[in-house]
Amino acid sequence: MGIQMIGIDHTTADVDTRALFSFTKKSSAEMMLNLKEQPGIMGCIIISTCNRMELWLSTEETFDEDLLELLCRQKQVEKEAYESAFIYRQGHEAAEHLFWLTCGLKSQILAEDQIISQVKDALSWARENFTTDGVLEVLFRKAVTAAKEVKTKVVFSRANETAMDQAILMLKKRGFLFDRSTCMVIGNGEMGKLAAQSLQQTGADVTVTVRQYRSGMVNIPLGCSRINYGERMEFLPECDLVVSATASPNFTLTRELLEQVEIRPKGKKLILIDLAVPRDIDPKAGGLEWVRLYDIDDFKLNDMSDKVRQSVNEARRILDKEMEEFYSWLQGRDMIPRIQEVKASAVEDLYLRIHKVLGRLPLEEEQKKALKNSIDTAAGKVIMKLIFGLRDSLDKEEFLDCLEGLEEVYDE
C-alpha cells in the first residue's frame, strides 16, 4: 500500500494556472470516481481551494501511473506545459506535507483557520462519493486532529487573518482611509462573508450583493447593507473599493461593464480586489486609468518574526508526535496479514499438542467442540498480546526480525 499526491499551489503557480487545475464539487466527484475505477488505485481525495489543488491517492505498491498525466488528461491540456508548476510527493513526505498543510503552516496566510475546514470537507466529499479508503481516511482524520491540537496549544499572532485582512493591512500602509470609504463585496459565500466582516470592522460602509433568487434565505454580516447582484453596476460609482469573491464560472466584472460606469473624479482610483479562483474580475479591467486591480496573489506575508518561528517549532513538536502515531498505525496495518498467519499457525500448533488430552475428557462432542473454540479464542488473544507487546517495546527492525523468526518457526 502506498500514499501518493501531486499538487499545485500559490508558491508554484500563478492564479490563472491554479484556476485551470481547480475543481468544482461536481468535477472533483467525476475525477475521483474515474480514478477509483483504475487498477491499483484504492482511494482518492481531491483538495481544491483558491490557493491550491492537490490530488491524493492510496495505491497498491505496483501502481506506477503518471499522476500529472492523469490530471492533464482530465483537464484536456498538454502535460509538458505545466510540469514545472507541480510537486509530487509519496510515502512519509506526502503524509508530513498534509499534516503541515492542515494546520495552516503552508498557507499564504500563515496558520490561517480555513484550511482545516477545507481538508475536512475534501474528506467528507470523498466519503459521500465512496472514493476514500482506510489509509486516506486515517491519514486525513489524524491530520485534522493534529491541526486542532496545534490551534488549541500554539498561539500564532496572525492565526485568524484572511487574504482580505492582508489586503486591508497593505492598503492602510498605502494611505487608504477605510473609515471614510464605501465598499461593495460581490459574493455572499464563506469568503465573501469573511471579506465583508473584515471591511466592516475597519469602519467602512459595506454593502454585500445577494443573488436575487436567494435573497430571501441568506444572511449577511451584521452591520452590512445588501443589494441584489444585478444592481451592482448601478451601485459601483458610489464605491471606493470593490471585492469580488464568488464561485461563478464567469466574470462578475468585465472591462466592458466598467467602461460604461460614470467617469470618476480625476486622480481618484477605484480599488478592485479579486479573491476568487478562477478569477472573478476580467484582468483587462486593470488597464483602465481609474482602476487599480489586485488579485489574491498580491497579498503575501513577509518573512516570519522570531516569535512566529518559535510558534512554528512548538507546532512541529505536536505534529511530529501525531505523525509518529500515524506511521505506527500504517506500519502495523501492513503487517496485519503476516501477524494473522503467525497467530493461526500458533493456535493450530497448540491444538495439535492438546487434542489427545481433549479426546480423553468425559465430554459430549458438542462440549468438546465448544471447549476447543474457547481455547482457540484464548490462545489467539494471548498470542496477539505477545506480538503487539513486542512491537511496542522494540524498534522497527528488531520487531521485524522477531516476526520473521516466528514465521520461520511455524513454516517448518
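Modeller: One term before we start: contact means heavy atoms within 4.5 Å. Also, this is a predicted model.

Colleague: Fine. Where does UniProt place the "active site" feature?
Modeller: At Cys50, according to the UniProt record, which is an unreviewed entry.

Colleague: Is Cys50 buried or exposed?
Modeller: Buried. Its relative accessibility is 17%, and the cut-off for buried is under 20%, so Cys50 counts.

Colleague: What is Cys50 in contact with, leaving aside neighbours within four places in sequence?
Modeller: Arg18, Met191, Leu275, Val277 and Ile296.

Colleague: Switching topic. What about pockets? What volume does the largest pocket have?
Modeller: About 1400 Å³. Its lining takes in 40 residues. Nearest the centre are Phe23, Lys25, Ser48, Thr246 and Ala247.

Colleague: Which elements give two or more residues to that lining?
Modeller: Those are α2, β2, α5, α8 (190–201) and β6 (205–210).

Colleague: And which one gives the largest share?
Modeller: Helix α5, with eight residues.

Colleague: Then tell me about α5. How many residues does the helix have?
Modeller: It has 15, running 114–128. From first C-alpha to last, α5 reaches 21 Å, close to the 21 Å expected at 1.5 Å a residue.

Colleague: Which residues of α5 are buried?
Modeller: Ile115, Ile116, Val119, Ala122, Leu123, Trp125 and Ala126.

Colleague: I see gaps of three and four in that numbering. Why would that matter in a helix?
Modeller: An α-helix has 3.6 residues a turn, so residues three or four places apart point the same way.

Colleague: What covers the buried residues of α5?
Modeller: The cover includes α2 (25–36), β2, β3, α4 (91–102) and α6 (134–153).

Colleague: What comes just after α5?
Modeller: Phe130 is there, with a positive phi of about 55°.

Colleague: Last one, His97. Where is His97 placed?
Modeller: In helix α4. His97 counts as buried because its relative accessibility is 2%.

Colleague: Which side chain has a polar contact with His97?
Modeller: The side chain of Glu54, at 2.7 Å.

Colleague: And what else does His97 touch?
Modeller: Besides Glu54, His97 touches Met5, Trp56, Arg89 and Lys106, not counting residues up to four places away in sequence.

Key. Residues numbered from 1 in each chain as written. Predicted model: local features only at pLDDT ≥ 70, side-chain atom pairs only at ≥ 80, totals over all residues. Heavy atoms only, no water. UniProt positions renumbered as here; feature names shortened; annotations may be inferred. Buried < 20%, exposed > 50% of the residue type's maximum accessible area, 1.4 Å probe, protein only. Helix = DSSP H or I, 4+ residues; strand = E, 2+ residues; numbered from the N terminus. Expected span 1.5 Å × (residues − 1). Polar contact = N/O pair within 3.5 Å; in protein donor to acceptor, adjacent residues only side chain to side chain. 1 Å grid on protein atoms, 1.4 Å probe; cavity = no way out; pocket = protein on both sides within 12 Å on 5 of 7 lines; lining within 4 Å. Points joined across faces, edges and corners; volume = space filled by probe spheres on them.
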